[in-house]
Amino acid sequence: MRWMFIISFLALTVMACKKDKSDQQFSAFSEKGPFGGVWVELSQGKDTLNFNIPSQMLEQLPWRPPDNAGVFFMGAEVYKDYDGSINSPGGIFAYYRNAGGDSLNIYNFFVSSKYEQFAFKLDPNLNRFKIGKFYKRPGLPDELTFSRIR
């Protein structure tokens, strides 16, 4: 009987903590294709992009972004640069796709003063995409491949 009480208590606790995904704060950005989710860079596996960020973050930009703009958070492992300083390319980024879909314009909230354009190609199965190197990390190729992990 005691175990049944403990299991019931744990189940109720988990259900009570579940977030309401219908709340606008938790709705994921999606632009005519499911970018939503978390993506990992494949060559080193040290950097992730999370596209499940509320688009209200765009209100922090000093100008009005395009209608198809979104936001992603980059989680990144720190590294020691060539000069010995400790760096991390992680942060919050705004982005939008160009009309042709072959490039992505990215704005880093922490270090940019404008959007920068990078070549972009989405896999037809929507599980991978390739993008020009838009952040600094030793050993990364000029073209980065990201794969969806969730």
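Q: Which residues does Phe 134 touch, leaving out those up to four places away in sequence?
A: Phe 134 touches Leu 49, Phe 72, Met 74, Phe 93, Ile 106, Phe 118, Leu 144 and Phe 146, when residues up to four places away in sequence are not counted. A contact here means heavy atoms within 4.5 Å. The model is predicted: local features need pLDDT of at least 70 and side-chain atom pairs count only at pLDDT 80 or more, while totals for chains, interfaces and linings use all residues. Residues are numbered from 1 along each chain as its sequence is written, and side-chain values use heavy atoms, with hydrogens and water left out.

Q: Which residues of the largest nonpolar core touch the most other members?
A: Six of them do: Leu 49, Phe 72, Ile 106, Ile 131, Phe 134 and Phe 146, in a core of 19 residues. Such a core is a set of buried Ala, Val, Leu, Ile, Met, Phe, Trp, Tyr and Cys residues joined through side-chain atoms within 4.5 Å. Buried means under 20% relative accessible area, exposed over 50% and partly exposed in between (1.4 Å probe, protein chains only).

Q: And which strands each supply at least two residues of this core?
A: They are S3 (70–76), S6 (91–97), S7, S8, S9 (128–132) and S10 (143–148). Strands (E, at least two residues) and helices (H or I, at least four) are DSSP runs numbered from the N terminus.

Q: Which residues does the second, separate core include?
A: Ile 53, Ala 69, Ala 94 and Tyr 96 are among the nine residues of that second core.

Q: How many helices and strands are there in the chain?
A: The protein chain has one helix and 10 strands. Along the sequence, their pattern is α-β-β-β-β-β-β-β-β-β-β.

Q: What percentage of the chain counts as buried?
A: Of its 150 residues, 35% count as buried. As for contacts with a separation of 6 or more, 42% of them are between residues 24 or more positions apart.

Q: Changing topic, how many aromatic pairs are there?
A: The structure holds 15 aromatic pairs. Rings of Phe, Tyr and Trp (its six-membered ring) pair if their centres lie within 6.5 Å; planes under 30 degrees apart count as stacked, over 60 as edge-to-face and the rest as tilted.

Q: Why is the pair of Phe 72 and Phe 93 stacked?
A: The pair is stacked because the ring planes of Phe 72 and Phe 93 stand at 10°, with the centres 5.0 Å apart. Since Phe 72 lies in strand S3 and Phe 93 in strand S6, the pair ties together parts that are 21 residues apart in sequence. Phe 72 and Phe 93 are both buried.

Q: What about Phe 129 and Phe 146?
A: Their ring centres are 5.3 Å apart and their planes are at 20°, so this pair is stacked. Phe 129 belongs to strand S9 and Phe 146 to strand S10, so the pair ties together parts that are 17 residues apart in sequence. Phe 129 and Phe 146 are buried.

Q: Which residues form the aromatic cluster?
A: One aromatic cluster is formed by Trp 39, Phe 51, Phe 72, Phe 93, Tyr 95, Phe 118, Phe 120, Phe 129, Phe 134, Tyr 135 and Phe 146.

Q: Now the largest pocket: which residues lie nearest its centre?
A: Pro 89, Phe 93, Asn 108, Val 111 and Tyr 135 lie nearest the centre, out of 17 lining residues. Strands S7 (103–108) and S8 (116–122) are the elements that give two or more residues to the lining. On a 1 Å grid over the protein atoms alone, a pocket is an open set of points where a 1.4 Å probe fits, with protein on both sides within 12 Å along at least five of seven lines; lining residues have an atom within 4 Å of a point.

Q: Which element gives the largest share of that lining?
A: S7 does, with three residues. By type, the lining residues divide into 10 nonpolar, five polar and two charged. Ala, Val, Leu, Ile, Met, Phe, Trp, Tyr, Cys and Pro count as nonpolar, Asp, Glu, Lys and Arg as charged, and the others, Gly among them, as polar.

Q: Where is Glu 77?
A: Glu 77 is in the loop between S3 and strand S4 (79–80). Its relative accessibility is 43%, so Glu 77 counts as partly exposed. Beyond four places in sequence, Glu 77 touches Lys 46, Asp 47, Asn 87, Ser 88, Pro 89 and Arg 137.

Q: Does Ser 147 count as buried or exposed?
A: Ser 147 counts as buried, because its relative accessibility is 13%. This residue lies in strand S10. Ser 147 and Val 40 are 107 residues apart in sequence, and 5.4 Å apart in space, C-alpha to C-alpha.
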